[in-house]
Amino acid sequence: MSYELQALIGTFELLTVAAAEVPAARVVPLAQGLALIPVTSAVRAALQGDGSVRKPGGGAGFGWHSDGFELRLAAWSKAGPIACVEAEYFGGSGTQRAAVWTDGKVVLGPLTIGEFEPAPAEGTPISRVLRQVGARTEEGRADEFESVGLGRHRSTGGWAEPAG
């Protein structure tokens with residue numbers, strides 16, 4: 001079974017304001033007052049700016065971010081922390097990358113776990129950035145990822161579909 005996600009995560013209020021600037025964006029509520037915007041191809045295209053892509057190792061280290069995309073995240077983060085997360089798993093192995101912007105700059109990350117690497121003691125990259133934006137592990141849940149409900153859909157496209 002596979003899982004893939006590319007998303008922005010922050011408070012519901014922050015992402016509602018951010019999404020108003022991006023007609024293709026859909027804000028999906030999560031638990032604990034958080035929400036996500038699935039970064040679909042339409043959202044990515046709307047955020048590309050001039051389309052120039054940072055060189056490897058530049059910016060937050062996401063290969064699909066353009067300079068315009070990161071400038072937009074920096075601007076939004078002046079109103080509160082905003083995380084960018086990506087995960088890709090198949091058959092139990094995969095990768096995660098995550099970073100958090102606050103006050104216009106990257107304050108955590110990019111954090112990465114490669115295929116077959118164990119999660120560090122402080123948690124997976126996604127759980128660590130979720131903590132930075134206000135998530136907490138609830139009783140009976142494995143971690144912040146599970147507590148906010150990121151397992152609800154198996155793909156970015158699943159998050160982007162209207163609730164029905």
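## A buried face on helix H3

Let's start with helix H3 (residues 67–76), whose buried residues are Gly68, Phe69, Glu70, Leu73, Ala74 and Trp76. Here, buried means under 20% relative accessible area, exposed means over 50%, and partly exposed lies in between (1.4 Å probe, protein chains only). Helices (H or I, at least four residues) and strands (E, at least two) are DSSP runs, numbered from the N terminus. The buried residues of H3 pack against S1, H1, S4 and S5, where contact means heavy atoms within 4.5 Å.

Before going on, please note that this is a predicted model: local features need pLDDT of at least 70, side-chain atom pairs count only at pLDDT 80 or more, and totals for chains, interfaces and linings use all residues. Residues are numbered from 1 along each chain as its sequence is written, and side-chain values use heavy atoms, with hydrogens and water left out.

## The sheet

Six strands form an open sheet with antiparallel pairing, in the order S2-S3-S1-S4-S5-S6. At its edges are strand S2 (28–29) and strand S6 (105–113), each of which pairs on one side only. Two strands pair if DSSP finds at least two bridges between them. Strands of a sheet pair through backbone hydrogen bonds, either parallel or antiparallel.

Now look at one pair: strand S1 (residues 2–11) and strand S4 (residues 82–90) run antiparallel and are joined by eight bridges. Glu4 has Glu88 in S4 as its bridge partner. Helix H1 (residues 12–19) packs on the sheet, where it touches S1, S2, strand S3 (34–38) and S4, and its direction makes about 95 degrees with that of S1. For such angles, axes are lines fitted to C-alpha atoms, for helices over the stretch in contact, and the angles run from 0 to 180 degrees between N-to-C directions.

## Two nonpolar cores

A nonpolar core is a set of buried Ala, Val, Leu, Ile, Met, Phe, Trp, Tyr and Cys residues joined through side-chain atoms within 4.5 Å. The largest one has 24 residues, and Ile9, Val85 and Leu150 have the most contacts inside it. Two or more residues of this core come from each of S1, S3, S4, strand S5 (93–102), S6, helix H4 (125–132) and helix H5 (144–148). S1 gives the most, with four residues.

## The loop between S6 and H4

Glu115 sits in the loop between S6 and H4 and is partly exposed, with a relative accessible area of 46%. Leaving out residues up to four places away in sequence, Glu115 touches Ser93, Gly94 and Thr95. The side chains of Glu115 and Ser93 are joined by a polar contact of 3.3 Å. A polar contact is a pair of N or O atoms within 3.5 Å; within protein, one must be able to donate a hydrogen and the other to accept it, and residues adjacent in sequence count only if both atoms are side-chain atoms.

Phe116 is found in the loop between S6 and H4 too. Although Phe116 is not a glycine, its phi is positive, at about 70 degrees, and Phe116 is exposed, with a relative accessible area of 69%.

## Backbone details

Gln32, in the loop between S2 and S3, is not a glycine but has a positive phi of about 65 degrees. A cis peptide bond joins Gly109 and Pro110, with omega about 5 degrees, and Pro110 is found in strand S6.
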